[in-house]
Structures are given as C-alpha cells and as structure tokens.
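Me: Could you take me through this model, starting with the overall fold and then moving to the charged pairs?

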Amino acid sequence: MPEVMFAGPDGRLEGRYHHAGKPGAPVALVLHPHPLHGGTMNNRVTHALFERYKAMGFSTLRFNFRGVGRSQGRYDGGIGEISDAASALDFLQTVNPGASMLWVAGYSFGAYVGMQLLMRRPEMGGFVSIAAPASHYDFGFLAPCPCSGLILHGADDELVPEPSVKKLVDKLNTQKGVKIDYRVMGGAGHVFTPAQTEQVADAAEDHVMSILNRSRMALAAD
C-alpha cells in the first residue's frame with residue numbers, strides 16, 4: 001500500500017494509505033496507541049483495523065503521530081496529536097472529496113484522540129473506539145456526542161478498569177439520538193493477543209457493516 005507524507009501542524013507526517021477505486025467510497029482514519037509507550041501505526045490492532053476497513057471498501061489511512069517513525073515534531077501530551085489527526089482527516093477528505101461517509105477508529109490513546117476529533121468535525125458518520133482510556137482522560141467533552149459508534153473493551157483490562165468505560169457508555173447512551181454499541185471481550189486485557197485482535201476486527205466489521213447497510217436501506221427507501 002502506498003506510503004504517504006502529508007503536512008501536519010508541526011511538520012510532515014508519515015502514513016500508509018489505501019485508496020478505494022469506487023467513486024463515493026466511505027473513508028476511515030485509524031489512530032494508534034500512546035507514542036510514549038511504543039504506539040505506532042504498525043501496532044497490531046491499528047493494522048488489523050486498517051486492513052478490515054480496506055476490505056470493507058473504504059479509502060483508509062493510518063499514520064504516525066508527531067515524533068513517531070518518520071513523522072516530524074515531538075510528543076505534545078495529546079493536544080498536538082489531536083491536531084495531527086485533524087490534518088490526517090484533511091488529507092483524506094482532499095483525496096476523497098465525494099466520500100459517502102467518514103469514520104474514525106482508534107485504539108487506547110488513539111481512541112481518546114479519535115473521540116476528540118469527533119467533536120471538532122461534525123461531518124463524522126461513525127466511530128470505533130477500542131480500549132478507550134476512560135480512567136486516564138476526562139471524556140466529559142462528549143457533550144453531546146455527535147454520532148453513534150462502537151466501544152469495545154477487555155473485561156480484564158489491567159490499565160483501564162472496565163467499569164470506568166461502562167460509566168462513560170451509560171452517560172453517552174442517555175443522549176438523544178446517540179446509541180453506543182458496547183461490547184466487552186471476556187478474557188482480554190489492555191493488550192490484545194493475535195487471536196483477540198482478530199475478534200476485535202470482527203466486532204468492528206460487524207458494527208460498521210450494520211451501519212452501512214442501514215444507510216443503504218434508507219437511501220433505497222427514498
């Protein structure tokens with residue numbers, strides 16, 4: 001898949017991009033875990049989500065946040081990384097001006113950044129958040145959450161206790177017009193094994209396809 005370099009707010013950012021050939025194809029941005037804890041765009045879960053969106057017919061981008069790999073700049077505590085994600089989204093929208101739907105998916109720190117991005121880009125159509133760090137960051141900014149999505153968490157997550165995520169989900173589900181598809185994976189911690197990673201990708205595909213099929217049915221009914 002093509003390597004891409006695109007302009008970020010603090011220098012050039014390195015990514016991998018797959019362009020769907022179909023006109024009007026949906027687009028997806030996939031965000032990696034924490035840069036200071038070994039997170040890169042080649043993380044197992046990030047890569048699996050990228051490949052699964054690609055297989056579903058999306059134009060898909062994963063990239064390294066500032067200071068990771070060949071991306072310029074240095075870690076900025078999450079603030080600059082949200083701006084990096086916004087620049088990545090700009091790149092995606094520039095090369096896919098007729099995209100039918102826009103999704104963001106993130107794992108751990110990437111889930112936090114992705115949900116911050118939701119609030120800045122109201123055109124988002126859906127999200128996938130894996131192991132969202134609800135006990136480490138304040139997700140109170142999701143007021144209101146602009147769209148529905150999938151939140152998946154490991155039942156035995158040793159870094160982010162599952163009840164902290166359930167509390168966030170319950171709060172989001174009280175918001176009008178928002179439905180969170182919450183799935184808890186038994187036996188899974190914060191880091192997923194290869195077999196669990198496939199289950200994560202399966203869950204993401206199941207959720208995304210259900211939304212896409214609902215959207216297609218609504219269009220057909222018009």
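Me: What does the protein chain have in terms of helices and strands?

Reply: The protein chain has five helices and eight strands, where helices (H or I, at least four residues) and strands (E, at least two) are DSSP runs numbered from the N terminus. Read along the sequence, they follow the pattern β-β-β-α-β-α-β-α-β-β-α-β-α.

Me: Before going on, what should I know about the source of the values?

Reply: This is a predicted model, in which local features need pLDDT of at least 70 and side-chain atom pairs count only at pLDDT 80 or more, while totals for chains, interfaces and linings use all residues. Residues are numbered from 1 along each chain as its sequence is written, and side-chain values use heavy atoms, with hydrogens and water left out.

Me: What is the radius of gyration of the protein chain?

Reply: The protein chain has 16 Å, which agrees with the value near 17 Å that a compact globule of 222 residues would have. The radius is taken over C-alpha atoms, and the globule rule is 2.2 Å times the number of residues to the power 0.38. Along its principal axes, the C-alpha trace spans about 50 × 40 × 35 Å.

Me: And how much of the chain counts as buried?

Reply: Of the 222 residues, 54% count as buried; buried means under 20% relative accessible area, exposed over 50%, and partly exposed in between (1.4 Å probe, protein chains only).

Me: Which order do the strands of the sheet have?

Reply: The open sheet of eight strands has the order E1-E2-E4-E3-E5-E6-E7-E8, with mixed pairing; two strands pair if DSSP finds at least two bridges between them. Its edge strands are E1 (3-8) and E8 (180-185), each of which pairs on one side only. Neighbouring strands are turned by 20 degrees against each other on average, direction ignored.

Me: What about E3, is it covered or open?

Reply: Strand E3 is mostly covered, with five of its five residues buried. Val27, Leu29 and Leu31 point one way from E3, whereas Ala28 and Val30 point the other way. Four bridges join E3 to E4, and these two strands run parallel. Within that pairing, Ala28 stands opposite Thr60 in E4.

Me: How many bridges join E5 to E6?

Reply: Five bridges connect strand E5 (residues 102-107) with strand E6 (residues 126-130), and the two run parallel. Gly106 has Ser129 in E6 as its bridge partner.

Me: Which strands does helix H3 lie across?

Reply: Helix H3 (residues 109-120) lies across E3 (27-31), E5, E6 and E7 (149-154), and runs at about 150 degrees to E5. Helix H4 (residues 162-173) lies across E7 and E8, running at about 165 degrees to E8. For these angles, axes are lines fitted to C-alpha atoms, for helices over the stretch in contact (heavy atoms within 4.5 Å), and angles run from 0 to 180 degrees between N-to-C directions.

Me: Changing topic, how many salt bridges does the count come to?

Reply: The count comes to 14 salt bridges, each being a side-chain nitrogen of Lys or Arg within 4 Å of a carboxyl oxygen of Asp or Glu. One of them links Arg70 with Glu3, the closest N and O atoms being 2.1 Å apart. Arg70 lies in the loop between strand E4 (59-63) and helix H2 (79-95) and Glu3 in strand E1, so the pair ties together parts that are 67 residues apart in sequence.

Me: Which residues are linked in a network with that pair?

Reply: Glu3, Glu14, Arg16 and Arg70 are linked in a network of salt bridges. Glu3 is partly exposed, at 39% relative accessibility.

Me: Which residue does Glu205 pair with?

Reply: Glu205 forms a salt bridge with Arg52, with the closest N and O atoms 2.8 Å apart. Glu205 lies in helix H5 (residues 194-221) and Arg52 in helix H1 (residues 44-55), so this pair ties together parts that are 153 residues apart in sequence. Arg52 is buried, with a relative accessible area of 14%, whereas Glu205 is partly exposed at 29%.

Me: And what does Arg183 pair with?

Reply: Arg183 forms a salt bridge with Asp206, and their closest N and O atoms are 2.7 Å apart. Arg183 lies in strand E8 and Asp206 in helix H5, so the pair ties together parts 23 residues apart in sequence. Arg183 is partly exposed at 23% relative accessibility, and Asp206 is partly exposed at 44%.
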